[in-house]
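Welcome to this guided tour! Keep your viewer open and select each stop as we reach it.

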Amino acid sequence: MFWFLKNDVLKILDSTQKEREKLQNHNLYKSIKTIDQLHVFMESHIFAVWDFMSILKSLQAQLTCVTIPWVPTGKGTPARLVNEIVKEEESDIDRYGQHMSHFEMYCHAMHQAGANTGPINIFLSKLKDLSLDEALNSSNAPKHSKVFVNKTFNILDEAPDHVIASIFTFGREEVIPNMFKSILRGLDKKHEGKLKSFIYYLDRHIGLDDDEHTPAALKMVNQLCKNDEKKWLEATDAAQSAMQARITFWDGILSDINCL
């Protein structure tokens, strides 16, 4: 499928196979059967959707110039790749033909499904005046969502572009399609009326990630690491860490669902 990959990228895929299998076979997916269980998932997962956009925009900020006065960065191919991904993640077309970010689509899907958007809305409003940690605590976000987001931002604070690209590629884009396919298979068909926007969101992400975003992200990692062995090792460590963080996050959501 990805005929353009260098051996170093294939090595990262091999090195993260154990984590990938854990994610693909996680018990969370088959545990989301009722609308209440889906609400628990969505109310936690929305923070990861926001986290995803923050990683992407952090990567864009490193690879392109987003400040005034503009100056060239000299990172033509990676800049082009990240800009193409941002275009669809930040201004895609929803099921009604309106342009909006995938994060906003998810919020709309939560509202349609009857999930509580209060914590994520409070979090976003508090970010204007408070630190990330303070905003998370004020929002009443689930504990495992706080841990997941804080871990991401602890890395983003000082990470070079190739590490952020690895987190984005292997911890997000490359594993998301199979995770979302598993969730779609498990949804109770009797709730489809409430889940049209959510199903559209999942289908849209699966299609984009499989066909466009994952290949682009893998090329970006290639371009940023090139022949630097140290960068490839750092990218591998970042990929494993990001995927393990997702596994721990899924464990937390599953625990909440089992407590219903």
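## Stop 1: the largest pocket

The largest pocket holds about 150 Å³ of space. Keep in mind as you look around that this is a predicted model. Rolling a probe the size of a water molecule over the atoms is a way to show where empty space is left.

Now color them by class: five are charged, three are nonpolar and two are polar.

Which helices each supply at least two residues of this lining? They are helix H1 (7-15) and helix H13 (229-258). H13 gives the most, with four residues.

## Stop 2: two helices side by side

Next, select helix H4 (residues 35-63) and helix H9 (residues 143-156). Their axes come within 9 Å and cross at roughly 10°. Angles under 35 degrees count as roughly parallel, so that is how H4 and H9 run relative to each other.

Show the side chains where they touch. On H4, pick Ser44, Phe47, Ala48, Trp50, Asp51, Ser54, Ile55 and Ser58. On H9, pick His144, Ser145, Phe148, Val149, Thr152, Phe153 and Leu156. Of the residues in this contact, eight are nonpolar, six are polar and one is charged.

## Stop 3: a salt bridge

Side chains of opposite charge can pair when their charged atoms come close. The structure holds seven salt bridges, and one of them joins Arg20 to Glu174. Select that pair: the closest N and O atoms are 3.0 Å apart.

Why does this pair tie together parts that are 154 residues apart in sequence? Because Arg20 lies in helix H2 (residues 17-24), while Glu174 sits in the loop between helix H10 (161-173) and helix H11 (176-186).

## Stop 4: two backbone details

Most residues other than glycine have a negative phi, and most peptide bonds are trans.

Zoom in on Pro69, in the loop between H4 and helix H5 (76-91).

Finally, go to Asn140, in the loop between helix H8 (132-139) and H9.

Terms used:
Residues are numbered from 1 along each chain as its sequence is written. This is a predicted model: local features need pLDDT of at least 70, side-chain atom pairs count only at pLDDT 80 or more; totals for chains, interfaces and linings use all residues. Side-chain values use heavy atoms; hydrogens and water are left out. On a 1 Å grid over the protein atoms alone, a cavity is a set of points where a 1.4 Å probe fits but cannot get out, and a pocket is an open set with protein on both sides within 12 Å along at least five of seven lines; lining residues have an atom within 4 Å of a point. Grid points are joined across faces, edges and corners, and a volume is the space filled by probe spheres set on the points. Ala, Val, Leu, Ile, Met, Phe, Trp, Tyr, Cys and Pro count as nonpolar, Asp, Glu, Lys and Arg as charged, and the others, Gly among them, as polar. Axes are lines fitted to C-alpha atoms, for helices over the stretch in contact, and angles run from 0 to 180 degrees between N-to-C directions. Angles under 35 degrees count as roughly parallel, over 145 as roughly antiparallel, 65 to 115 as roughly perpendicular and the rest as oblique. Contact means heavy atoms within 4.5 Å. A salt bridge is a side-chain nitrogen of Lys or Arg within 4 Å of a carboxyl oxygen of Asp or Glu.
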